[in-house]
Amino acid sequence: MSEDDRASADEANDAARLPFTEGDPAALQRLVLEHEGALRAFVGRQLPARLATKESISDLSQSIIGDVLPKVGDASFENLSAFRGWLYTVALNKIRERGRYWTAARRDQDRGATLHDIETG
């Protein structure tokens, strides 16, 4: 299947699925759960190595799904691409949030350390 064929198939899929979900929070929740595998793959590609030592892809993905499921009923999407963009933006924000958390935790540890402790690691 060529790239053009895939794009056409995705557009047809967008048109077929989203009218069904409009105004139907349960359908949107199912859509989120259907994208769980793609979300995990996305998180895996976006997760910095330093953060991967602290947070698992699985845990982050579940946290993202937990964050979006209550909000998805209030959202409105023109097509499947818009939905994916929203989901992946939420995922990037979660990754950044966790990165800031671990950076702050490291900073807090360093505040109580002596200069020798910091220099020697």
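Which residues of α5 are buried? In this predicted model, local features need pLDDT of at least 70, side-chain atom pairs count only at pLDDT 80 or more, and totals for chains, interfaces and linings use all residues. Residues are numbered from 1 along each chain as its sequence is written, and side-chain values use heavy atoms, with hydrogens and water left out.

The buried residues of α5 are Leu-60, Ser-61, Ile-64, Ile-65, Val-68 and Val-72 (buried: under 20% relative accessible area; exposed: over 50%; partly exposed: in between; 1.4 Å probe, protein chains only). Because they cover an arc of only 135 degrees around the axis, they lie on the same side of α5; the arc is that of the directions from the helix axis to the C-beta atoms. Asp-59 and Pro-70, on the other side of α5, are exposed.

Aromatic pairs number 3 (rings of Phe, Tyr and Trp, the last by its six-membered ring, with centres within 6.5 Å; planes under 30 degrees apart are stacked, over 60 edge-to-face, the rest tilted). Among them are the following two.

| Pair | Centre to centre | Between the planes | Class |
|---|---|---|---|
| Phe-42 and Tyr-88 | 4.3 Å | 15 degrees | stacked |
| Tyr-101 and Trp-102 | 5.0 Å | 85 degrees | edge-to-face |

Phe-42 lies in helix α3 (residues 36-46) and Tyr-88 in helix α6 (residues 80-111), so their pair ties together parts 46 residues apart in sequence. Phe-42 is buried, at 9% relative accessible area. Tyr-101 is partly exposed at 44% relative accessibility, and Trp-102 is partly exposed with a relative accessible area of 28%.

Conventions
Helix = DSSP H or I, 4+ residues; strand = E, 2+ residues; numbered from the N terminus.
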